[in-house]
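Please look through the sequence and the three-dimensional model shown here before reading on. The paragraphs after it are meant for someone meeting this structure for the first time.

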Amino acid sequence: MENQKDDYLPEHYPENQTCERVEDIFINPHLRESFNSTPNNDRDSLEWEHWYARPFIEIDEHSEESYQDYVKRMSSIDIEIKLDTESQFYERQKELKDAWLKAWPTGKRYDVRCLTGGAWDRSSSLGMFASLGEAIERCHQDIALYGCM
């Protein structure tokens, strides 16, 4: 599958972000859809200028899928797969949710990311945290390391 890069538009610029901020750190910034699937050599130079060494936080929450959606999703795959029964599916969903909540007790995971060039095709993951405070602290460490923002 060929990588499709969408355009870097003014709505993606840091100065035009309307998302929540904590201490000038963006929470769930509005980035290009393919921001984390674009090789760094293919990035717009302005995107590099704007986002290099600027850590941000993406919040991820546990989500569940219905059995009907699972069947539909799996039938769209080209290979033959033995589907779980409905009871197997919901038991697995429960196990996944329990594991998620064990790791992320609030139900949210705070992913710190930064365009550093450390990953050739996406922003770098700087860690996943159980609280916003821990994520903010990690962002400050990164800002001190790169000396900018």
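Predicted model: local features only at pLDDT ≥ 70, side-chain atom pairs only at ≥ 80, totals over all residues.

Residues are numbered from 1 along each chain as its sequence is written, and side-chain values use heavy atoms, with hydrogens and water left out.

The secondary structure of the protein chain consists of 4 helices and 5 strands, where helices (H or I, at least four residues) and strands (E, at least two) are DSSP runs numbered from the N terminus. Followed along the sequence, these elements give the pattern β-β-α-β-α-α-β-β-α. The radius of gyration of the protein chain, taken over C-alpha atoms, is 18 Å, well over the 15 Å that the globule rule gives for 149 residues, so the chain is more spread out than a compact globule; the rule itself is 2.2 Å times the number of residues to the power 0.38. Along the principal axes, the C-alpha atoms fill a box of roughly 55 × 35 × 25 Å. Of the 149 residues, 37% count as buried, a word that here means under 20% relative accessible area, with exposed meaning over 50% and partly exposed in between (1.4 Å probe, protein chains only).

Strands of a sheet pair through backbone hydrogen bonds, either parallel or antiparallel. In this model, 3 strands form an open sheet in the order E3-E4-E5, with antiparallel pairing; two strands are said to pair if DSSP finds at least two bridges between them. Strand E3 (56-61) and strand E5 (124-129) stand at the edges, each with a single partner strand, so one side of each has no neighbour in the sheet. E3 is joined to E4 by 6 bridges, and strand E4 (residues 108-114) pairs with E5 over 5 bridges. Asp111, for its part, has Met128 in E5 as its bridge partner. Because 6 of the 7 residues of E4 are buried, this strand is largely enclosed by the rest of the structure.

Which residues make up the largest nonpolar core? The core has 11 residues, namely Ile25, Ile27, Ile57, Tyr110, Val112, Cys114, Leu126, Phe129, Ala135, Ile136 and Cys139, a nonpolar core being a set of buried Ala, Val, Leu, Ile, Met, Phe, Trp, Tyr and Cys residues joined through side-chain atoms within 4.5 Å. The elements that give two or more residues to this core are E4, E5 and helix H4 (132-146). Apart from it lies another core of 9 residues, among them Tyr8, Tyr13, Phe26 and Phe56.

Tyr110, found in strand E4, is buried with a relative accessible area of 10%. Leaving aside its neighbours within four places in sequence, Tyr110 is in contact (heavy atoms within 4.5 Å) with residues including Ile57, Ile59, Phe129 and Ala135. Tyr110 and Phe129 are 19 residues apart in sequence, yet their C-alpha atoms are 5.0 Å apart in space.

Glu47, in helix H1 (residues 45-51), also counts as buried, at 1% relative accessibility. Beyond its neighbours within four places in sequence, Glu47 is in contact with Tyr8, Arg32, Phe35, Tyr52 and Leu115.
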